[in-house]
Amino acid sequence: MNEEIKTLTISIYTENNIGLLNRISAIFQRRHINIESLTTSQSEIEGVNRFVVVVNITEPQAKKIIGQFEKQIEVIRAYYHTDEETIYQESGMFKIKSDLLFDEPQIQNIIKDSNARIVTVNKEFFVLEKSGRRQEIELLRRELNAFGIMQFVRSGRISVTKKPMKITEMLQAFNNQ
């Protein structure tokens, strides 16, 4: 068995019930596994949600955790994937003083070079949005820190698999019950 610790993306397809997030996080807590990122949203099927959890664990650990998730009544199916098997991104937002946008030409270069997008501008501040890999967002954060960031937030990972998954057909069957 491969005992190498890897960054894995765990996808959990669920019904939308109160308290499920608590039970999912408890499974990680009992095994002393830190959650690096957690995102939840509606899946491709109406009424079915998808949790995307990023953790650094071994594949045998992932298999055990997937088994634990699937024992939860509200969990329809759970999977894990390596970074190589997924297409993924995160998003970051930066709030910065507006006068810097006009007084510091270097900021304009940083925005252009990073492919960030200006979301809004007013007299007091402007907001940038950057989507990409975590390293890209962190690089932009370090560059903008020199000028002062009023607020910063980064989303959790969102991802899709490179290979087709049969989950859509299974979820449609679940939804038609």
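Predicted model: local features only at pLDDT ≥ 70, side-chain atom pairs only at ≥ 80, totals over all residues.
Helix α4 spans residues 105–114, and its buried residues are Ile107, Ile110, Ile111 and Ser114. Viewed down the axis of α4, these buried residues fall within an arc of 100°, so they line one face of the helix. On the face turned away from that buried side, α4 carries the exposed residues Pro105, Lys112 and Asp113.

Just after α4 comes asparagine 115, with a positive phi of about 60°, a value that asparagine 115 takes although it is not a glycine. Asparagine 115 has its place in the loop between α4 and β6, where it has a relative accessible area of 64% and is therefore classed as exposed, the cut-off for that class being over 50%.

Serine 98 is buried, with a relative accessible area of 2%. When residues up to four places away in sequence are not counted, serine 98 touches Val121, Asn122, Lys123, Glu124, Phe125 and Phe126.

The side chain of glutamate 138 is joined to that of arginine 141 by a polar contact of 2.6 Å. With its neighbours within four places in sequence left aside, glutamate 138 is in contact with Phe152 and Arg154.

## Helix α1 and the residue that follows

Which residues of helix α1 are buried? In this helix, which runs over residues 20–30, they include Leu20, Ile24, Ile27 and Phe28. Seen down the axis of α1, its buried residues fall within an arc of 95°, so they line one face of the helix. The cover over these buried residues includes β1, β2, β3, α2 (59–70) and β4 (75–82). The face of α1 turned away from its buried side carries the exposed residues Asn22, Gln29 and Arg30.

Helix α1 is followed by histidine 32, which has a positive phi; the value is near 55°, in a residue other than glycine. Histidine 32 has its place in the loop between α1 and β2, and at 76% relative accessibility it counts as exposed.

## Strand β3 and its partners

Is strand β3 largely enclosed or largely open? Of the nine residues of this strand, which covers residues 49–57, eight are buried, so β3 is largely enclosed by the rest of the structure. Strand β1 (residues 6–14) is joined to β3 by nine bridges, and the two run antiparallel; lysine 6 has isoleucine 57 as its bridge partner in β3.

Strand β2 (residues 35–42) also runs antiparallel to β3, and seven bridges join these two strands. Here threonine 40 has phenylalanine 51 as its bridge partner in β3. In the hairpin of β2 and β3, six residues lie between the strands, and glycine 47 takes a positive phi near 85°.

## The largest pocket

The space in the largest pocket is about 190 Å³. Its lining is made up of 14 residues, of which Thr7, Val54, Glu90, Arg134 and Arg157 lie nearest the centre of the pocket. The elements that give two or more residues to this lining are β2, β3, β5 (86–97) and α5, and β5 gives the most, with three residues.

Notes
Residues numbered from 1 in each chain as written. Heavy atoms only, no water. Buried < 20%, exposed > 50% of the residue type's maximum accessible area, 1.4 Å probe, protein only. Helix = DSSP H or I, 4+ residues; strand = E, 2+ residues; numbered from the N terminus. Pairing = 2+ DSSP bridges. Arc of directions from axis to C-beta. Contact = heavy atoms within 4.5 Å. Polar contact = N/O pair within 3.5 Å; in protein donor to acceptor, adjacent residues only side chain to side chain. 1 Å grid on protein atoms, 1.4 Å probe; cavity = no way out; pocket = protein on both sides within 12 Å on 5 of 7 lines; lining within 4 Å. Points joined across faces, edges and corners; volume = space filled by probe spheres on them.
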